[in-house]
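Biologist: Before I plan anything around this protein, I would like to go through the terms used to describe it and hear what stands behind each of them.

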Amino acid sequence: MNKNIVLIGMPGVGKSTIGVVLAKILGYEFVDTDILIQRQENRKLKEIIAQEGIEGFLDIENQVNANLNVDSSVIATGGSVVYGKEAMEHLERIGTIVYLKLSYESLKTRLGCLSGRGVVVREGQTLKELYDERMKLYERYAQITIDEEGLDVEETLDKILRSLNKENI
């Protein structure tokens with residue numbers, strides 16, 4: 001039985017929002033790995049990306065997630081965590097990976113402008129290209145997939161809790 005729940009998915013799907021409430025319901029701690037990265041680096045995500053470049057940021061993100069040592073926690077990861085092989089292998093070992101999935105159309109509406117969010121987007125890459133690239137990775141690592149299409153926070157939480165019960169968490 002895994003003691004942690006790891007939320008993965010695109011920016012804007014609600015990993016942090018859902019994660020906080022899920023942690024409260026389960027009596028778990030809540031961990032946002034983007035905040036851990038910012039705390040370790042003493043700068044905002046967008047500053048890290050600007051100063052270190054995308055590969056430098058991904059290396060930092062991979063290292064922070066690969067060394068995460070928590071128990072009985074809901075872990076909200078950054079959307080780009082799935083690029084880190086060591087991080088994902090570690091997260092699989094310490095928790096159940098739950099992929100929060102939204103359609104591209106819904107995501108585009110929720111996200112608006114990416115520039116202020118510290119999102120890893122390569123030069124010239126569209127949101128659609130990023131979405132298509134990451135979808136395959138999220139699906140590869142997901143142990144549970146929660147389709148959030150048309151659901152509010154409560155409905156998404158209910159779906160997660162029912163799925164986790166099937167997994168005996």
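Modeller: The protein chain contains 7 helices and 5 strands, where helices (H or I, at least four residues) and strands (E, at least two) are DSSP runs numbered from the N terminus. Followed along the sequence, these elements give the pattern β-α-β-α-α-β-α-β-α-α-β-α.

Biologist: What makes the protein chain as compact as a globular protein of that length?

Modeller: The radius of gyration is taken over C-alpha atoms, and the globule rule is 2.2 Å times the number of residues to the power 0.38. For 169 residues the rule gives 15 Å, and the protein chain has a radius of gyration of 15 Å, close to that value, so it is as compact as a globular protein of that length. Along its principal axes, the C-alpha trace spans about 40 × 35 × 25 Å.

Biologist: What kind of model is this, and how are its residues numbered?

Modeller: This is a predicted model, in which local features need pLDDT of at least 70 and side-chain atom pairs count only at pLDDT 80 or more, while totals for chains, interfaces and linings use all residues. Residues are numbered from 1 along each chain as its sequence is written, and side-chain values use heavy atoms, with hydrogens and water left out.

Biologist: Why is Gly78 called buried?

Modeller: Buried means under 20% relative accessible area, exposed over 50%, and partly exposed in between (1.4 Å probe, protein chains only). Gly78 has a relative accessible area of 4%, and therefore it is called buried. This residue is found in the loop between strand E3 (73-76) and helix H4 (85-94). Leaving aside neighbours within four places in sequence, Gly78 is in contact with Lys15, Thr33, Asp34 and Glu61, contact meaning heavy atoms within 4.5 Å.

Biologist: What makes strand E4 (residues 95-101) mostly covered, and which strands does E4 pair with?

Modeller: In strand E4, 6 of the 7 residues are buried. Two strands pair if DSSP finds at least two bridges between them. Strand E1 (residues 4-8) is joined to E4 by 5 bridges, and the two run parallel, with Ile8 standing opposite Tyr99 in E4. E4 is also joined to strand E5 (residues 144-147) by 4 bridges, again running parallel, and here Val98 stands opposite Ile144 in E5. The covered face of E5 holds Ile144 and Ile146, whereas Thr145 and Asp147 form its uncovered face.

Biologist: How much of the protein chain is buried, and what share of its contacts joins residues 24 or more positions apart?

Modeller: Buried residues make up 49% of the 169 residues. Among contacts with a separation of 6 or more, 72% are between residues 24 or more positions apart.
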